[in-house]
Amino acid sequence: MSQDRTAGGAVSDRGARAGFDFSRHMNELSLFAAIIVLYVVFTASATGFLSFNNQINILRDAATIGIAAWAATLIIIAGEIDVSVGPMVAFVSVVLAYFLQWGVPTVPAFALAIVVGGLLGSIAGVLRAFFDVPSFVATLGLWSALRGIALFITDALPVSIGRNDIVDALDRPVLGIPPAAIIMLVLFGVFAFVSRKTAFGRSVFAIGGNAQAAFLSGINVVRIRVMLFAIGGAMAAVTGILLVSRLGSGNATAASGLEFDVIAAVVVGGTSLSGGRGSMLGTLLGVLVITLIGNGLVLLGINPFFQQVVRGLIIVIAVLANIQAIKRSMARNKG
């Protein structure tokens, strides 16, 4: 019997090496199935869901969540959390609008906006890395400060940028695809490569698994934590730039609640809130799930207040399903 089990295990191992290991990708497969189900349900029940214009809207909305979610994935894999994304996006959109009003050339204004986002994000990183402030507290403080400053300097009014060809081009479809979606997918490729094929990405996983052990093995934990939050701020700034191109103005009240969609997409994608486990592909599928739910509920005419209830329930169910799938996969591997 033991010889049969050993032989069977060897065959299984050879099969896993030779082909696709379903057990290791159970989370992604379940999310892919969920996306198909959502398309079927909303196509049958929501008028106009499959229309070309609505699919473009889905891509734009996915980009708004996805670009920030790539950085959030690395942050959560490292065992941290960032709840400042929404106010960061709104604040950078306001800053960019003022830069353009003051006559700063468009491309340098974009670069400055990204630098501002990176510097603001690094504040939370410094608080976490050097002063051991929990990342939730550090980014929650940043959340409040950025939202308040943006509302104060704008009196809660949009900051118009006037006509700008470069900004307008960022919202003009290329072969039917919104530039925001193209940028999202390019950045996805970059983050997927960094997370799996670089020393920085491996260090992020190591820190999330055991920060003390990572430090003892020679990983500069402090530097990587600061870099992670700086990258998060920079990606929020990119989202802020795309928001300005979409709205034609900077808006301190925009992106309200975006941080919750971002975190939900990452967690639904299978990234562990305790750190050490996650994937960019899972987050991409999580982004699509969250975006489809939001879009479908709007088309169904669900009351906006009740939409939050439905979205929350679906998110919890999805997370529970993914956790159970991962546990079953781990149990099979041990067996």
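1. The largest cavity of this predicted model is lined by 13 residues, and those nearest its centre are Arg60, Thr64, Ala180, Leu242 and Arg246. Its volume is about 120 Å³. Helices α3 and α11 each contribute at least two lining residues, and α11 gives the most, with 5. A search of the whole structure for cavities of 30 Å³ or more finds 2.

2. The largest share, 7 residues, comes from α12.

3. Helix α2 covers residues 26–45, which makes 20 residues. From its first C-alpha to its last it reaches 28 Å, close to the 28 Å expected at 1.5 Å a residue. Its buried residues are Asn27, Glu28, Leu31, Ile35, Leu38 and Phe42. They cover an arc of only 90 degrees around the axis, and therefore sit on the same side of α2. Val40 and Ala44, on the other side of the helix, are exposed. As a general point, an α-helix has 3.6 residues a turn, so residues three or four places apart point the same way.

4. Helix α6 runs through residues 135–154 and also has 20 residues. The distance from its first C-alpha to its last is 28 Å, close to the expected 28 Å at 1.5 Å a residue. Which residues of α6 are buried? They are Ser135, Ala138, Thr139, Leu142, Leu146, Arg147, Ala150 and Thr154. Seen down the axis, these buried residues fall within an arc of 155 degrees, so they line one face of α6. They pack against α4 (85–101), α5 (106–131), β1 (159–160) and α11 (221–247).

5. Positive phi values deserve a look. Asp155, the residue that follows α6, has a positive phi near 55 degrees. Asp132 lies in the loop between α5 and α6. Its phi is near 55 degrees, a positive value in a residue other than glycine. Is Asp132 buried or exposed?

1. A search of the whole structure for cavities of 30 Å³ or more finds 2.

2. The next point is the largest pocket. The largest share, 7 residues, comes from α12.

3. Helix α2 covers residues 26–45, a run of 20 residues. From its first C-alpha to its last it reaches 28 Å, close to the 28 Å expected at 1.5 Å a residue. Its buried residues include Asn27, Glu28, Leu31, Ile35, Leu38 and Phe42. They cover an arc of only 90 degrees around the axis, which puts them on the same side of α2. Val40 and Ala44, on the other side of α2, are exposed. In general, an α-helix has 3.6 residues a turn, so residues three or four places apart point the same way.

4. Helix α6 runs through residues 135–154 and has 20 residues. Its first and last C-alpha atoms are 28 Å apart, close to the 28 Å expected at 1.5 Å a residue. Which residues of α6 are buried? They include Ser135, Ala138, Thr139, Leu142, Leu146, Arg147, Ala150 and Thr154. Seen down the axis, the buried residues fall within an arc of 155 degrees, so they line one face of α6.

5. Some residues have positive phi values. Asp155, which follows α6, has a positive phi near 55 degrees. Asp132 is in the loop between α5 and α6, and its phi is near 55 degrees, a positive value in a residue other than glycine. Is Asp132 buried or exposed? Asp132 counts as exposed because its relative accessibility is 56%, where the cut-off is over 50%. Leu175 sits in the loop between α7 (165–169) and α8 (179–197). Its phi is positive too, near 55 degrees, and Leu175 is exposed, with a relative accessible area of 84%.

6. The count of aromatic pairs comes to 5. One of them joins Phe42 and Phe49: the ring centres are 5.6 Å apart and the planes lie at 45 degrees, so the pair is tilted. Phe42 and Phe49 are buried. Tyr98 and Trp102 form a stacked pair, at 5.8 Å centre to centre with 20 degrees between the planes. Trp102 counts as exposed, at 61% relative accessibility. Tyr39, Phe42 and Phe49 form one aromatic cluster.

7. Asp168 belongs to helix α7. At 27% relative accessibility, Asp168 counts as partly exposed. How far apart are the C-alpha atoms of Asp168 and Gly248? They are separated by 7.8 Å, although the two residues are 80 residues apart along the chain.

Terms used. Residues numbered from 1 in each chain as written. Predicted model: local features only at pLDDT ≥ 70, side-chain atom pairs only at ≥ 80, totals over all residues. Heavy atoms only, no water. Helix = DSSP H or I, 4+ residues; strand = E, 2+ residues; numbered from the N terminus. Expected span 1.5 Å × (residues − 1). Buried < 20%, exposed > 50% of the residue type's maximum accessible area, 1.4 Å probe, protein only. Arc of directions from axis to C-beta. Contact = heavy atoms within 4.5 Å. Phe/Tyr/Trp six-rings, centres within 6.5 Å; stacked < 30°, edge-to-face > 60°. 1 Å grid on protein atoms, 1.4 Å probe; cavity = no way out; pocket = protein on both sides within 12 Å on 5 of 7 lines; lining within 4 Å. Points joined across faces, edges and corners; volume = space filled by probe spheres on them.
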